[in-house]
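Hi,

Here's the structure I promised to pass along.

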Amino acid sequence: MPTDEGLTLYAAAADAGARLGLPLLEVGTYCGRSTILLADAARSAGTVAITVDHHRGSEEQQPGWEYHDPDVVDPEVGRMDTLPTFRRTLHAAGLEDHVIAAVGRSPQVAAVWGKPLALVFIDGGHTDAHAAADYEGWAPHVAPDGFLVIHDVFPDPADGGQAPYRIYRRALASGAFTEVSATRSLRVLRRTGTAPLA
């Protein structure tokens, strides 16, 4: 995540957390870089950051793909496992007490979640199925006046995958969200309506 996107994410998280006093949640943790931003914002707002990830890597991080990192493959099971790196990242940042890590698949965690959220940051799998499941599972939990933040929104297919762009368009079309800002591929939307999400 480029610095300007990270600063935008932090500002949205700090604002929503302070105004609403509710947790901040991210879908797609990987090794925890964006978690540090959310956790620091949560600390300053007196709330908590929640991360949701199965820690087995998304499609583009698997062996043979562009973003694969063999250093996060568990040699015993032969699969990616970013959880130990994530835990070290939080420890090094001194933010362990401000984060709750939910280790599981996003739709399963969303199905049992029952609390409103000040901010939902979607940065998980980039297939249509994964992005749609993240949106459908978590956008309804954004509290009124809270933020839905979507990463890797590329209107031009030449710049990147289209799944995050499609859920961004769905959020706007639902009538429940209004765009607040666009920083590179990061979109911040405010929950302004009560319309059912499409």
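**Salt bridges, cores and a cavity**

D128 comes out as partly exposed, at 41% relative accessible area. Keep in mind that this is a predicted model. D128 pairs with R166 in a salt bridge, with 2.8 Å between the closest N and O atoms. Since D128 sits in helix α5 and R166 in helix α6, the pair ties together parts 38 residues apart in sequence. R166 is partly exposed too, at 40% relative accessibility.

The count of salt bridges is 7. One of them joins D4 and R184, at 2.9 Å between the closest N and O atoms. That pair spans 180 residues, from helix α1 to the loop between β8 and β9. D4 is partly exposed at 30%, while R184 is exposed at 58%. R19 and D15 also form a salt bridge, 3.1 Å from N to O, and both lie in helix α1, about one turn apart. Shared partners put D15, R19, D145 and R190 into one network.

On to the inside. The largest nonpolar core has 25 residues, with L25, V120, W138, L148 and F177 making the most contacts inside it. Helix α6 gives the largest share of this core, 4 residues. Another core, apart from that one, has 24 residues, including A13 and L90. As for L148, its contacts include V120, Y135, F177 and R187.

There's 1 cavity of 30 Å³ or more, and the largest cavity holds about 30 Å³ of space. Its lining includes I122, D123, H126 and H151, and by class that lining has 4 nonpolar, 4 polar and 1 charged residues.

Cheers

Note on methods
Residues numbered from 1 in each chain as written. Predicted model: local features only at pLDDT ≥ 70, side-chain atom pairs only at ≥ 80, totals over all residues. Heavy atoms only, no water. Core = buried A, V, L, I, M, F, W, Y, C linked by side-chain atoms within 4.5 Å. Buried < 20%, exposed > 50% of the residue type's maximum accessible area, 1.4 Å probe, protein only. Helix = DSSP H or I, 4+ residues; strand = E, 2+ residues; numbered from the N terminus. Contact = heavy atoms within 4.5 Å. 1 Å grid on protein atoms, 1.4 Å probe; cavity = no way out; pocket = protein on both sides within 12 Å on 5 of 7 lines; lining within 4 Å. Points joined across faces, edges and corners; volume = space filled by probe spheres on them. Nonpolar A, V, L, I, M, F, W, Y, C, P; charged D, E, K, R; others polar. Salt bridge = Lys/Arg side-chain N within 4 Å of Asp/Glu carboxyl O. Lists of a residue's contacts leave out its neighbours within four places in sequence.
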